[in-house]
Amino acid sequence: MFVVKTFRFVQVPLNLQLRTMHLLKNKAYINGEWVSARSDKVFEVTNPATGEVIGTAPDMDVVDAQHAIDSASRAFATWQDTTAKERSRYLRNWFDLMVKNLESLAKIVTLESGKPLVEARGEVFYGNSFVEFFSEETRRIQGEIIPSPVANRKILVEKQPIGVAGLITPWNFPHAMITRKAGAALAAGCTCVIKPAEDTPFTALALMELAHEAGFPKGVVNVVTSSRGNAPGIGNLLCQSPLVAGISFTGSTQVGKLLYKQCSSGIKRLGLELGGNAPFIVYKSADVDSAVKGAMGSKFRNCGQTCVAANRFFVQSDIYDSFVEKLTNEIKALKIGNGEEPDVQVGPLINQAQFEKVTTLVQDAVSKGAKVLVGGKGAPQHGRLFYEPTVLTDIKDDMRVYSEEVFGPVVNIFRFNTEEESVAMANNTERGLAGYFYSRDVSQIFRVARKLEVGMCGVNEGMISTAEAPFGGVKESGLGREGSHHGIEEFTYVKYVALGNL
Ligand code: ADP
């Protein structure tokens, strides 16, 4: 008799899938070796979707960080003399391995950050593209010969690597924030000490395994993991150490300001990518469907936890009702859940502090008269850190959501009448990272793009970041640029050599 066997498809949780994976490391990476903290202390890392402990990482302190700085400093002595072609090869090897391991990297990102797997794949793809771009761009770090006012003299200008770079990264893009900084620093000829966020150290360590396989010499790239408690000490050491030439930080404005102060004593090179408060303006000439699509991408990627996320929506009266209705319908259809499940679009917030912040900001707005069209509360049926995608209208400028970055799945909508009014409201903030607007009026496009006080402007686009373009802000959103050739400049200095008496 012919027997048909049926198998029930059993979904294997990511932490079980990953247990055997060679990329999941529980040691830090210093001087080409996998090491524990000198104190032997560790800290736990949890999956924000389930609250389960994924594993532990070394809880390093200033002693370990000094070891990493010393290694990077020794490695700089020879790495700075590598040719651009050699550095290009190392970076390309690293990129190729990241491509080969994309799925494993994405699973680690989902496990520790909670973002849906499809978004984690997108992040890895995006993060990889920086290493690819910088592997190419390193060969185009050009000098100059400037005509001299003295006949027998030549003015040569050369770009040199600044030295050891301290890179402090956040949890919201655990892969891409490292590759965007380290790719540029390594391409410029710098060596690196990376301090990843305490919520997401495993992605950083997986990248180190691949850097190791790519053959980077010992000490060229190092990762020091630590709990939140040890982060200020390590940060301070990186800022104060005479062996560190520059700091590149992505994170909160509060910590960014502290690092700015700490770097002042040694006049250190500093790159800061801090918080945003992005306006998203929809003018009456806009294609409303396209604006809704852009709004969904800009707002709900990573559950609203991106520094370029639209934070304040300004919609012109003529199309207000149509935009709000269409956007609300899209939001109601979003699927919330554990990012490991295939069609989930909105995962959890990263941790309890973030959950409380979003809850408090929404309560503040509601207590001051905001209307909740959808959501407005936690979603405990999915887990402790889930928050319902939310739409608030009737927002006023005395509500905290107006001036603070929500960093959660909350849409705040204002109605406006004139272009002047929209630009004035959009610029009425200390932040200036990204800004978006939708319009099909070409004169308005040029006028508004010029007037918005932001470092990056999306016109009829909700997602604008790419390795080829300079990423960064104005006002309190930061200093310097990442990505593009500008990103490499941050890690080089200009040396003028006068050749006299020729
Ligand atoms: P968030 O509030 O989103 O976690 P933070 O700015 O606090 O953003 O964290 C971003 C990164 O900065 C993380 O790697 C974190 O460990 C690190 N960090 C936190 N406090 C300090 C500090 N005082 N000095 C240096 N780094 C810090």
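The questions and answers below go through some features of this predicted model.

User: Why is the pair of Y29 and W34 called tilted?

Analyst: The rings of Y29 and W34 lie 4.9 Å centre to centre, and the limit for a pair is 6.5 Å. Their planes make an angle of 50°. Stacked needs under 30 degrees and edge-to-face over 60, so the rest count as tilted. By this rule the model has 18 aromatic pairs.

User: What makes Y29 buried, and why is W34 called partly exposed?

Analyst: Buried means under 20% relative accessible area, and exposed means over 50%. Y29 has 3%, so Y29 is buried. W34 has 26%, which lies in between, so W34 counts as partly exposed.

User: Which residues form one aromatic cluster?

Analyst: F280, F313, F323, Y436 and Y438 form one cluster.

User: How do you know that K115 lies over the face of F173?

Analyst: K115 is 4.1 Å from the ring centre of F173. The distance limit is 6 Å, and the charge must also be within 35 degrees of the ring normal. K115 is listed as lying over the face of F173. R180 likewise lies over the face of F471, at 3.8 Å from the ring centre.

User: What makes the phi of N31 worth a remark?

Analyst: Most residues other than glycine have a negative phi. The phi of N31 is near 55°, a positive value in a residue other than glycine. N31 lies in the loop between strand 1 (28-30) and strand 2 (33-35). At 18% relative accessibility, under the 20% cut-off, N31 counts as buried.

User: Why are strand 5 and strand 22 said to stand at the edges of their sheet?

Analyst: The sheet is open, with three strands in the order 5-6-22 and antiparallel pairing. Strand 5 (144-146) and strand 22 (492-499) each have a single partner strand, so one side of each is left without a neighbour in the sheet. The twist averages 25° from one strand to the next.

User: How do you know that strand 5 pairs with strand 6?

Analyst: A pair needs at least two bridges. Three bridges join strand 5 to strand 6 (residues 154-161), so the two strands pair. They run antiparallel. E144 stands opposite V157 in strand 6.

User: Why is C303 in no disulfide?

Analyst: A search of the whole structure finds zero disulfides. For C303, the nearest cysteine sulfur is that of C307, 15 Å away. A disulfide needs sulfur atoms within 2.5 Å, so C303 and C307 are too far apart for a bond. Both are buried: C303 has a relative accessible area of 3%, and C307 has 14%.

User: Why is E137 called buried, and which residues is E137 in contact with beyond its sequence neighbours?

Analyst: E137 has a relative accessible area of 12%, under the 20% cut-off, so E137 is buried. E137 is placed in helix 5 (residues 117-137). Leaving aside neighbours within four places in sequence, E137 is in contact with H485 and I488. Contact here means heavy atoms within 4.5 Å.

How values were computed
Residues numbered from 1 in each chain as written. Predicted model: local features only at pLDDT ≥ 70, side-chain atom pairs only at ≥ 80, totals over all residues. Heavy atoms only, no water. Phe/Tyr/Trp six-rings, centres within 6.5 Å; stacked < 30°, edge-to-face > 60°. Buried < 20%, exposed > 50% of the residue type's maximum accessible area, 1.4 Å probe, protein only. Helix = DSSP H or I, 4+ residues; strand = E, 2+ residues; numbered from the N terminus. Axes fitted to C-alpha atoms, helices over the stretch in contact; angles between N-to-C directions.
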